[in-house]
Amino acid sequence: MIVRSFTVIAVLGLVAMAALTTPATRAEDKADVAVINLTGNDQMMYNINEFKVKAGQTVKLTMKNIGKLPKVAMGHNVVILKAGVNMVQFAVAANQAPPEYIPKDRADEMLAHTKLLGPDESDTITFTAPAKGSYDYLCTFPGHFAVMKGKMIVE
Ligand SMILES: [Cu+2]
């Protein structure tokens, strides 16, 4: 009898905990979105060379090419690399991957990437911020990464 009562209390306790924690967690997840707006211009520059997000947060990143030069001459994208990937080696490989300059054989080295964008084009990508750390991002249009690069800081 004592054992059975204890079991009932324990089960009720679990049900109460689930009821208290689950809805709150879901609501937080929905609200917790980092919105990042990147631009690239005809001077081969991003507007932001560093942005901060929180680990586990949903990141909604929009990249827009605000230049006027044609895409074949001044296309822009953004590729966010996983931790520990050598950016120079990645960019060299990307040079060999026209027309988008996304090296398909290195898919496992990218956290996320946009399309290659011409004037006035934009692309929005959504991904989950990884573990705390510093992650390089770059434009893989040939020659751009020397200046079109930055860091996503995950706190
Ligand atoms: Cu570029």
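1. At 0% relative accessibility, His76 counts as buried, because that term means under 20% relative accessible area, with a 1.4 Å probe and protein chains only. His144 also counts as buried, at 2% relative accessibility.

2. The model is predicted, so local features need pLDDT of at least 70 and side-chain atom pairs count only at pLDDT 80 or more, while totals for chains, interfaces and linings use all residues. Residues are numbered from 1 along each chain as its sequence is written, and side-chain values use heavy atoms, with hydrogens and water left out.

3. Both histidines belong to the copper site, where the protein donors (N, O and S atoms within 2.8 Å of the metal, or 3.2 Å for Na, K and Ca) are His76 (ND1), Cys139 (SG), His144 (ND1) and Met148 (SD), lying 2.1 to 2.6 Å from the ion. Water is not among the atoms, so sites may look incomplete.

4. Along the sequence, the donor residues of the copper ion follow the spacing H-x62-C-x4-H-x3-M. His76 sits in the loop between helix H2 (71-74) and strand S4 (79-81), and His144 in the loop between strand S7 (133-138) and strand S8 (149-154), so this pair ties together parts that are 68 residues apart in sequence. Helices (H or I, at least four residues) and strands (E, at least two) are DSSP runs, numbered from the N terminus.

5. Turning to the whole protein, there are three helices and eight strands, which follow the pattern α-β-β-β-α-β-α-β-β-β-β when read along the sequence. Buried residues make up 37% of the 155 residues.

Notes. Buried < 20%, exposed > 50% of the residue type's maximum accessible area, 1.4 Å probe, protein only.
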